[in-house]
Amino acid sequence: MKKLFLSIIFVLFIFCPAWAGDDLPTPASNKTAIDLVQSHADYVWTLIAAALVFFMQAGFAMVEAGLTRAKNAINIMMKNLMDFSIGSLAYWAVGFGLMFGATSTGWFGTNGFFLSDFSPGGDPWVLAFWMFQVVFAATAATIVSGAMAERTKFSGYLIYSLFVSGLIYPVFGSWAWGGLFNGKGWLEGLGFIDFAGSTVVHSVGGWAALAGAVVLGPRMGKYTKQGKIKPILGHNMPLAALGVFILWLGWFGFNPGSTTAANKDIAMIFVNTNLAAAAGAVLAMFTSWIKFGKPEVGMSLNGALAGLVAITSPCASVSPLSAVLIGAAAGVIVVFSVYFFDRIRIDDPVGAISVHGVCGAWGTLAAGIFNMGGTSLKIIAVQFLGIAACFLWVFPTALIMFKLIEKTIGLRVSPEEELEGLDLIEHGGNAYPDFEISAHGGMSPAAAPVESEASILSVFAPKKAEAT
Amino acid sequence: MKKLFLSIIFVLFIFCPAWAGDDLPTPASNKTAIDLVQSHADYVWTLIAAALVFFMQAGFAMVEAGLTRAKNAINIMMKNLMDFSIGSLAYWAVGFGLMFGATSTGWFGTNGFFLSDFSPGGDPWVLAFWMFQVVFAATAATIVSGAMAERTKFSGYLIYSLFVSGLIYPVFGSWAWGGLFNGKGWLEGLGFIDFAGSTVVHSVGGWAALAGAVVLGPRMGKYTKQGKIKPILGHNMPLAALGVFILWLGWFGFNPGSTTAANKDIAMIFVNTNLAAAAGAVLAMFTSWIKFGKPEVGMSLNGALAGLVAITSPCASVSPLSAVLIGAAAGVIVVFSVYFFDRIRIDDPVGAISVHGVCGAWGTLAAGIFNMGGTSLKIIAVQFLGIAACFLWVFPTALIMFKLIEKTIGLRVSPEEELEGLDLIEHGGNAYPDFEISAHGGMSPAAAPVESEASILSVFAPKKAEAT
Amino acid sequence: MKKLFLSIIFVLFIFCPAWAGDDLPTPASNKTAIDLVQSHADYVWTLIAAALVFFMQAGFAMVEAGLTRAKNAINIMMKNLMDFSIGSLAYWAVGFGLMFGATSTGWFGTNGFFLSDFSPGGDPWVLAFWMFQVVFAATAATIVSGAMAERTKFSGYLIYSLFVSGLIYPVFGSWAWGGLFNGKGWLEGLGFIDFAGSTVVHSVGGWAALAGAVVLGPRMGKYTKQGKIKPILGHNMPLAALGVFILWLGWFGFNPGSTTAANKDIAMIFVNTNLAAAAGAVLAMFTSWIKFGKPEVGMSLNGALAGLVAITSPCASVSPLSAVLIGAAAGVIVVFSVYFFDRIRIDDPVGAISVHGVCGAWGTLAAGIFNMGGTSLKIIAVQFLGIAACFLWVFPTALIMFKLIEKTIGLRVSPEEELEGLDLIEHGGNAYPDFEISAHGGMSPAAAPVESEASILSVFAPKKAEAT
């Protein structure tokens, strides 16, 4: 008995540090302590990634302003500031609950509004996760801004912004990503691959942009009665390029941050993201060089974005070589897509429909084709289904929403205001009062007086086309 | 005895991996190893946050340049570059020691100058902590730049910058934050809540800005003899908006980084920071819309900043719903405050006094009112005391300093230089030589020849008002 | 025996949580688990640092565009976008293998091309490391862009960019850094100190820039036949300043990220980086003030960059006080160096040769002189050897490359295109179509018609000098 006692004492003595209170955890508490440090790293990584994605708002604002005219620059700043600000509040109030709240149907969530599940003593992870998701919701909204630039009424834009961040985006998001936090969306239940949102974020934005551009009709002077397309030049290329660099940076939060965990997977996602962007820029430049005779700056910048959008879905499940191929294809696709939409007279001043809608669809498909774990007809079919579901939910809903806005508070500014610029009449300002502005504000003198023809999609927008 | 020996051997055998040398730590050394990894995460987080706060210098520079005239843009770049550069050196030499050095009185520290406590074998945390603090010190200095824009002599500005980063800011900082590192400030001893510096950083900057604007007097042409206020338009709105986006990004370092630790608290701080900024922008926009008839871009941008400044103090101790309310209130306050200071003829070209001084005070008060842990008259009284102490230390000290600079090397440029622009005469340059500049450089033709009246605060600045 | 049994049972009971399966690791698995969390922190830190270094591309683009004329701004955006994009692909295909592949000679690596060593089941660290290295390779390439601005044929630039990122940079890199991953370079074998690349990145870029500027010859109108130097003004100073702020931010990834590990060393590196930049800016400003009579913005901005370049090599091995001295010296050196190259008629529009080449050499030398671990003639001799080896490898190789490009596809645009601007003829665009551009596009009227004289280094570029 004495020996047993001694042996216990001895063992206790050897291991006493393990019981010495808070300072020295036992092996069991080591596990807890290690998990805690890992979770701290997860918080840091996810929130820094969220900050980078937030900064994409600046990138979108600079790209959009750079590729449009000086007379509308204030309006574009206001739209980008407000779609994030209103979007943040809408996503806090409603969107997050719809997207990640508990769901029995798999079609949308039904609790968590106003972050109401969060209490001071609750798990703060919901807040970190919300922060990462709100910047995505705002990205979807801001994409539309570009396609509708230079002719949209500001009040109409605010209403639209509220609905995209609060309703259209979260509902589709719940189908594909709802299970990340809670519940389970029907689309993810089928095995749909969209790691960081080529479809969930970018195509949602792109198809809403298409609806907006169709309802609005083209800018005055863009298409002549004689069937000619008149280019309307962007007013500040360094600003547009800065915007693309900011977006590229932001995508290093967007894609690898979608792990919402500090782990080794982020390395391959970084590399794939970067290679796809590089390949997209290079291929878009050469495509524009061959097709138009010059290495064109707008196309090259959009090529980088096209590569980034395309790799967003497959970034975690394809090899770096595949990332190069996916980005390169996106760089070619975006040039032809921009050209195509211009031919069919859908006026998208910055190419948002092509970059986000079309290349988002391409990337989602590519996630099935280039999947490192192997592919199959079933995988590809599910990817197609997700792409189609996105279009079928977003485009008609957005079309109805824009039509409703048009019929009520109005969606398009008057022709006088469009000629004068939105800055003066909508905002009472002038973005560049110290500089002499060219007589036609970026419009070639010949183009200015010519009225635009009806869009070939005039079934959607006959009155606008007449008005312009 | 043999049994005891055997039992020991057995136990040793089972746990031998724990003693197998460096590769396999004992439970006690696990604790040390886990703490080490956590501390690495703390270093990474604190230093990345410092980098984000550093980037706010670019944000301030862009906001200030965007909201002022093209002819002073080089001067504004130089001021922002130099207040950070000189501020870094001043804070290294003197400021950090005053703020965080050992103190027996609670009024300022007395060692640690030139980072002299640091030795190659010492604790590197002091360096990480210094890095996070130096970017705060420089922020306080740079805030003043905006309110004094377009008329301050560059040499006078450099002297001022040295004193704010080296003396005015660190002394107040030691009262409120000295105990974070070493010593204990008298104000924190009373329970003053200012988590990330609504008062310590922003109000310090804001009240120094007020002193500067008062001593300088208004810009020529801003206020007419007939009692009219002539707006002087900023020259580049996309630049100003870019600056606000950069500042918003930087605030994700400013507020959550103030934990100086990688932990779960940062999630709520991120969310609160974002919601307050969003609410500030939206409310300022609607307030300007109602008050002036248009959704004004300068007010909306300042609204986002007002929300950010206001949430800086309470970000770690209020709920997300409170953050929305605090930011929303700041968005309304800032519009009326800008209007008020214009009425009383204190010419603050960018609204720095309202954004940083007034909304900093509001946020500090809100930290008492909305405190999640409950509030009381005592808490609110301490918050008031801190707000008052800040004003009573900063405003008179800065006023004396600016008066001394005015009497010695001079604080304001000559009327000729002010008309010509500071870029040419102070720096021998031209910010935009390739562009045609409008005749009046952002000043309406009618305003240019009119001399401004005396400020209603002319007791402080009688000569300047006469000179202009 | 029973007692032994009991004692074992007792011990097992106490420690049972340690064997309770996956949830509760044994002490041995704690070690693995702790290492895993640390490695996650390393991934996060290294990749965030890579993202910051990537963003330096935007900084270089803004600095270069800001310091040159409006008529070439699109060309500068395209060059900066493409040197990163083509550089990324070249470094993926060839450069990384040359630099970090296995080597028996110490002169270059021979495997790892196309990231071929990476397999889905392999160690993902190679991908994180590649990501950090590719942004360095692109930095070396982009430095050259500035010195060759406003007169280089775009197609020639693309070829050059491919060779720098794919060959010139990686080969020198393998000498100094090859052992970081695999193999061992001959220069690092001698103890050469270049922590983050004052020589490996910046001098490589700087000496290639020198070769490019020499082969190209000066811009038209820069040097008159009467021996006068005509300043050609940059068109956008806020853009240039924004670029410097972005670069400063990026350097917080460049230098501390070069640990490629989340550890405490990054604190001192941050502090040293910041202090050297601040001292460089302040000293360059005062030097320009004394030498030219005004605190000049271009020199002050370049002073910050000079301090950053100089501290890049010694950042991890000198005290903060030494960092101040190293940066201050760089700030003085850069002003005289820019002046010197202008005197000898090497036209470097942005000062890239002085900032990156000369101050890179200074910093590398300083790493030997100020070494915290003590210095010696041997250490300094090795630093000199590294500096010399860099120049002797890069300058002649780049000279030959540029000469070959000149003889084949052409390196310089025609005089007509140079006068008209590269944007129109190379890219079919106009960076600022909405703004009225001054008649002479940043060139003083007197300077425009004057033809430049032969460079005093005309042995290298006789034909160009005649052509201009």
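How many residue pairs are in polar contact between chain A and chain C? The count is 10 residue pairs, both residues at pLDDT 80 or more, where a polar contact is a pair of N or O atoms within 3.5 Å; within protein, one must be able to donate a hydrogen and the other to accept it, and residues adjacent in sequence count only if both atoms are side-chain atoms. The model is predicted, so local features need pLDDT of at least 70 and side-chain atom pairs count only at pLDDT 80 or more, while totals for chains, interfaces and linings use all residues. Residues are numbered from 1 along each chain as its sequence is written, chains are lettered from A in the order in which they are written, and side-chain values use heavy atoms, with hydrogens and water left out.

Salt bridges (a side-chain nitrogen of Lys or Arg within 4 Å of a carboxyl oxygen of Asp or Glu) number zero between chain A and chain C. By class, the side of chain A that touches chain C has 49 nonpolar, 12 polar and seven charged residues; here Ala, Val, Leu, Ile, Met, Phe, Trp, Tyr, Cys and Pro count as nonpolar, Asp, Glu, Lys and Arg as charged, and the others, Gly among them, as polar.

In total, 68 residues of chain A are in contact (heavy atoms within 4.5 Å) with 71 residues of chain C. The two chains bury about 5,900 Å² between them, 82% of it on carbon and sulfur atoms; buried area is the accessible area (1.4 Å probe) that two parts lose on being put together, summed over both. In chain A, P238(A), F245(A) and K264(A) lose the most area to chain C, together 12% of what that side buries.

How are the two copies related? Chain A can be laid on chain C with an RMSD of 0.0 Å by a turn of 120 degrees and a shift of 0.0 Å along the axis, with copies superposed by least squares on the C-alpha atoms of residues with pLDDT of at least 70 in both. That is the relation of a three-fold axis. Of the residues of chain A, E436(A) comes closest to the rotation axis, at 3.2 Å (C-alpha).

Chain C also meets chain B: 68 residues of chain C are in contact with 72 residues of chain B. Between them about 5,800 Å² is buried, of which carbon and sulfur atoms give 82%.
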